[in-house]
Amino acid sequence: MTTMRIDRRRALKLLSALGVTLAMPSAAGAECGVWLSEDLEFQALQALGREYSAQGGDGDTSEVAALIADAQTDAAAIASLHELIRADYAAARMVRLSHWFVSDTEGKIFAVLGACTT
Amino acid sequence: MLIQSTSLAENSLLEGDVAIAGGGMAGIALARQLGDAGFDVIVLESGGEDANAAVQDLYTGKMTLGAPGSETRNLDAYLHTSRARRFGGSGNLWGGKCAPLDPIDFEKRDWIAYSGWPVTRERLQSHYDRACELLGLPPFGMSPESVLGRRDPLFTDRSETFTVRPRRYSRATGAFGTEYGKYKRAAADHPRVKVYLNANVTRVSLSGDGGRVDSLEVRELSGRTHRARARRYILALGGIENPRLLLASNDVHSNGIGNHSDWLGRAFQGHTTIGDPATTNLSLHRPAADLQVFNNGQTAAPHAVVSTSDAAQRRTHSANFTVTLMNPSANTPTSDAVGIVAQRVTRAPARSRRSLYFMTEHTPNRDSRITLMHDDRDALGMPRVRLDMRYSALELDSLDRSIRLFAAELGRLDVGRLQYGVRREQLTELMSQPSRHHMGTTRMAVAARDGVVDENCRVHGVSNLYIAGSSVFPTSGIANPTLTLLALAFRLGDHLIAERGA
C-alpha cells in the first residue's frame, strides 16, 4: 500500500496495532482536512480502513491517496474519485466492510483516511 | 342466515345449489357473489362467531422450517397462531395489506421450476379491480405510477433493474374495528346464503367412480354428524386445510382427492422477511421527506416497496425480490461513516438512514409440503397435519444475488449504500415468524399431471369440486395473497355462473 506521509502513518499503525484508541484530534491535518469533520467518527473510519486492508483490497492505494491529497485544493479530484466509485459499482467491484457494501475505491479511501494524522 | 349446527336434528341433510366449506374471506366473497346470481348457497364453517380454544385446537400439528446451510427449526405454534378457525376465518387476523402479484409472477420462467400460471395478470385485472372494490380500496392499475401518483423517489426512474411496487391497507379485516363485521354480515344476512356454524367438513364423499362429489360429511365437536349435498362444492378452508381434507378423503382415491400427480400438499410456499435492524440498513442520499412514500402508515393511502424489475429478474434469472424500508425510528443506528464519506464524494445535498428488510420469492419445491399424521388425530378424528416448509438453494442464491445487485445499483446511481450482515446460517432463525400466508398446496395447472386444479379452480378429474384460496397459487410472488385469492374467487364465481347459463 502506498502512503502519503509514511512516518505519521507508520506511527498511527503502530499505535493502532498496540490497541491504543485514538480520538479525532481537534484540528484536521492538511492532507485530510476536507474529509474529516465532527460528524465523521474517526475511529469508525479507521476500523473500516483496517478491515479493508485486512481483506487485501487490490493492494494499490496510490491513485486514491493522490486524489485525496489533491482534493484539498482541486474539486476535480473529488469528481475523479466519484467516477472511479461509480465505475466500481457498475462493474460490481464491491467489498464488505462492517457489513456495508462499498466499492473497492471507497475501501481504499477508508484505508487512506483511516491512516490520516492531523 | 347464521345457523348453529347444534340446533339441527342429528343426521340433518343440508342442501343448496352450492356448498362452500369454509367461511373465511374467499368463502364469504363467493357466497355473496353466487347468492347475488341466484344460487342457493350453504356455507359450512367450523367455528362459531367468536374464538373458541377447542375449535382452534383442531389446527394443532407439527411444523418445521428448513433451508440449506441453516438449522432446521421447529415452528409447531405457527399452525394455530397463523390462522383463525371461526366465522370470517383468518380474515379475523389479517393485517389488511393488499397488493396484486406482479405480471412476471404469472409467467413461465425457465429458471424457476414449476413456474407459470394458466392465467396472466392482464386477464386477472378486472377481477383484481372487483376485489379492491370489495375491500374498499381504489383499484391497483398495471403501473406503479398509476397507484402511487408519482415516480420512483429512490432511483427516480433511472434504474432498469429496480422499480417500486405499491401496497395499500384495507380496513375490511378483523384487525381494524368494525369493517370486517360488515363484511361477514353481508354474507350472513344474504337471503340466499345459509351459514352453518360449528359445522366441520371432515370428509369429501365421492361417487363410486371418483368422478363427482356425492356429499360432504359434516361433524360437530360433540360427535354429531350431518351431511351436505349440492350440485357444486367449493373448498375454501385455507392453504393448509384444503390439502388436509383432500388427503384425508382417501376412501375412493387412496392418495387423496386430486392427487393423481402427487402434487397435493406439495409446493407449500410462504413469505418470510429477512433482515436484522442491527446490521441491515440503508444510508441514502435522499432527504427523509422524499422517502415518505415508503412509510407504512397502515392507511388506505398507498405506500411503496422496492422490487427487482421484471426485466431484471429475466436478465439475472432471479426470483422476485423486494426491499421494504422500515419507518424512521429512534432505534435506527446513526453512526454512518460509510454514508458520510459517500455523501462527500457524490456531493449529495442530503443523507438519511433507514432500516429495511428483504423478501425473496419462495418458489415451488416438492419437498416443501404438508403430510398427514395418521397416528395423531384431532377431536374430530381427522389426522393432524405436519408441515415441512423448505427453502431451496435457488431462493437463497437468488436472494444473495439480488441483494448484491441492489447494493451495486444504489452505488452506481448515487442513491446510497447498503449494509447487510445476515449470514446464511442465521436465515431460519430470522425467518421463524413467517407471514400468515399459506400457498401452493393445491396448485393450478392446465394439465392434470402438473397440478391439482385446472385454470377454473376445478379439481382435475372431479367434475363438481372446486377450490378457492391461496392454495391454488402455482407460484407465490411476494405480494400478500388476500387480494389475489379474492380475485380468483370472483373469477371462479364468474365461471360457475357462466357454466349454469351454458
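# Briefing: chains A and B

Chain A contains five helices and two strands. Please keep in mind that this is a predicted model. Here is a friendly tour of chain A, the place where it touches chain B, and some features of chain B, including an open sheet of four strands.

**Chain A**

- Starting at the N terminus, the order of elements in chain A is α-α-α-α-β-β-α.
- Chain A has 118 residues, and 42% of them are buried.
- If you take the contacts in chain A between residues at least 6 apart in sequence, 63% of them join residues at least 24 apart.

**Where the chains meet**

- Chain B brings 29 residues to the contact, and chain A brings 29 residues.
- About 2,500 Å² is buried between chain B and chain A, with carbon and sulfur atoms giving 64% of that area.
- On the chain B side, V338(B), R344(B) and V345(B) lose the most area to chain A; together they account for 24% of what that side buries.
- Two salt bridges are counted between chain B and chain A.
- A salt bridge links the side chains of E106(A) and R417(B), at 2.8 Å from N to O.

**The largest nonpolar core**

- This core holds 174 residues, and the members that touch the most others are L135(B), Y183(B), I234(B), F358(B), F406(B) and L418(B).
- Helix α12 of chain B, residues 482–501, supplies the largest share of the core, with nine residues.
- For a closer look, pick F358(B): beyond its neighbours within four places in sequence, its contacts include F321(B), L399(B), I403(B) and Y420(B).
- F358(B) is also in contact with F406(B) and L418(B), both of which are among the core members that touch the most others.

**A sheet in chain B**

- The strands of this open sheet are ordered β5-β4-β17-β16 in chain B, and their pairing is mixed.
- At the edges sit β5 (70–74) and β16 (369–377) of chain B, each pairing on one side only.
- On average, and ignoring direction, neighbouring strands here are turned by 20° against each other.
- Strand β4 of chain B (residues 62–67) runs antiparallel to β5(B), and three bridges join the two.
- If you want to find this pairing in the structure, look for A67(B), whose bridge partner in β5(B) is S70(B).
- Helix α7 of chain B (residues 241–248) lies across β16 and β17 (383–390) of chain B, at about 55° to β16(B).

Definitions and conventions
Residues are numbered from 1 along each chain as its sequence is written. Chains are lettered from A and ligands numbered from 1 in the order in which they are written. This is a predicted model: local features need pLDDT of at least 70, side-chain atom pairs count only at pLDDT 80 or more; totals for chains, interfaces and linings use all residues. Side-chain values use heavy atoms; hydrogens and water are left out. A nonpolar core is a set of buried Ala, Val, Leu, Ile, Met, Phe, Trp, Tyr and Cys residues joined through side-chain atoms within 4.5 Å. Buried means under 20% relative accessible area, exposed over 50%, partly exposed in between (1.4 Å probe, protein chains only). Contact means heavy atoms within 4.5 Å. Two strands pair if DSSP finds at least two bridges between them. Axes are lines fitted to C-alpha atoms, for helices over the stretch in contact, and angles run from 0 to 180 degrees between N-to-C directions. Buried area is the accessible area (1.4 Å probe) that two parts lose on being put together, summed over both. A salt bridge is a side-chain nitrogen of Lys or Arg within 4 Å of a carboxyl oxygen of Asp or Glu.
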